[in-house]
Amino acid sequence: MLKTRNLLTTVLCLLLGYTAFGQTDNGQGRYFLQLQDGRTFYGNKLQYKSPLFKSNHFLLDDSLKFNPSMVNVYQNDDGFFARVDAGSRYDSFAKRLTDGPRIDRFYTTRTYYDGGYGYSPYGYGYGMPRTNRKRIYFFSKDNGPLYVMDFDNLETALADNASSMALLQRYKRDKLINTGVSIVGAGLLAVGAVKSISNSQEVNGSTNLRINPLMYAGAGVLGAQLIINLFQKDKLTQAMEVYNYQLQQ
């Protein structure tokens, strides 16, 4: 009798669990889109559309259309995205790279034209061959608004964690050292170039340029700095990682 009762209890729990799962899946769906007024819509397919002769829009389950300017956050096959700028462009949203528990990290890619005067989410532009694609990083704390990931913003957000603050101070110190090394290297190159020009000789009507050793020294300093920086992990990212890690302990 006791075994039969236990068996019936187990079957009942399984049926209830299956029913609850089915209701959640059918009622919500795998992906969602949240508007700026707080309303949330769920579905099993969510796409960002940018047609050639029509306005950009989100398409939910191949039926519902939403103006991107109305959307605050969304999640689809590509990941979770949150708004960082006003507008309807794709790069008005940043993709989440790191999920909490308190600090989330995001990025978006923008294309700058002619040294940074304006950007476009569509890459290479006709008549504007000089382009530069760059990742812009952001972070949020406790699911709050997104901020540019820089020293000043992180210093405020991570102020309650001593280990993170120590890493930020190392970042500040390294930045000052890098600036000083850059100035020294550029100065050596400039002095070496002047000396090389002044020491050049004309032979049979052509100029024989004699490279001054200071130019090699300046190039060596800048090259060594570049190599060292390539192998150093970003202290800003480390500060956020330590903040999240210590909260999990």
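This is a guided tour of the model, stop by stop.

The model is predicted: local features need pLDDT of at least 70 and side-chain atom pairs pLDDT 80 or more, while totals for chains, interfaces and linings use all residues. Residues are numbered from 1 along each chain as its sequence is written, and side-chain values use heavy atoms, with hydrogens and water left out.

**Whole chain**

Start with a cartoon view. The chain has five helices and 14 strands. Helices (H or I, at least four residues) and strands (E, at least two) are DSSP runs, numbered from the N terminus. Of the 249 residues, 29% count as buried. Buried means under 20% relative accessible area, exposed over 50%, and partly exposed in between (1.4 Å probe, protein chains only). Contact means heavy atoms within 4.5 Å. Among contacts between residues at least 6 apart in sequence, 43% join residues at least 24 apart.

**Helix H3**

Select residues 162-198. The 37 residues of H3 should span 54 Å at 1.5 Å a residue, and the end C-alpha atoms are 54 Å apart, which agrees. The expected span is 1.5 Å times one less than the number of residues.

Now show Asn-161. This residue caps the N-terminal end of H3, with a side-chain oxygen 3.2 Å from the backbone nitrogen of Ser-163.

Colour the buried residues of H3: Ser-164, Met-165, Leu-167, Leu-168, Asp-174, Gly-185, Gly-192 and Ser-196.

Move along H3 to Gly-187. Gly-187 is partly exposed, because its relative accessible area is 30%.

**Lys-235**

Select Lys-235 in helix H5 (residues 235-248). Is Lys-235 buried or exposed? Lys-235 counts as buried, because its relative accessibility is 9%. Show its partners next. Leaving aside neighbours within four places in sequence, Lys-235 is in contact with Leu-167, Arg-170, Tyr-171 and Asp-174. Leu-167 and Asp-174 are among the buried residues of H3.

**The second largest pocket**

Of its 13 lining residues, Val-73, Ala-82, Asn-143, Gly-144 and Leu-146 are the closest to the centre. Strands S6 (71-76), S7 (79-83) and S9 (103-113) each give two or more residues to the lining. S7 gives the most, with three. The lining divides into six nonpolar, four polar and three charged residues.

A pocket is an open set of points on a 1 Å grid over the protein atoms alone, where a 1.4 Å probe fits, with protein on both sides within 12 Å along at least five of seven lines; lining residues have an atom within 4 Å of a point.

**Loops**

Select Asp-91, in the loop between S7 and strand S8 (93-98). Asp-91 is buried, with a relative accessible area of 1%.

Go on to Pro-101, in the loop between S8 and S9. A cis peptide bond joins Gly-100 and Pro-101, with omega about 20 degrees.

Next, Asp-61, between strand S4 (57-60) and strand S5 (64-66). Its phi is near 55 degrees, a positive value in a residue other than glycine. Asp-61 is partly exposed, at 35%.

End at Asp-142, between strand S11 (131-141) and strand S12 (147-148). Asp-142 has a positive phi of about 55 degrees. Asp-142 is partly exposed, at 43%.

Technical notes: A polar contact is a pair of N or O atoms within 3.5 Å; within protein, one must be able to donate a hydrogen and the other to accept it, and residues adjacent in sequence count only if both atoms are side-chain atoms. Ala, Val, Leu, Ile, Met, Phe, Trp, Tyr, Cys and Pro count as nonpolar, Asp, Glu, Lys and Arg as charged, and the others, Gly among them, as polar.
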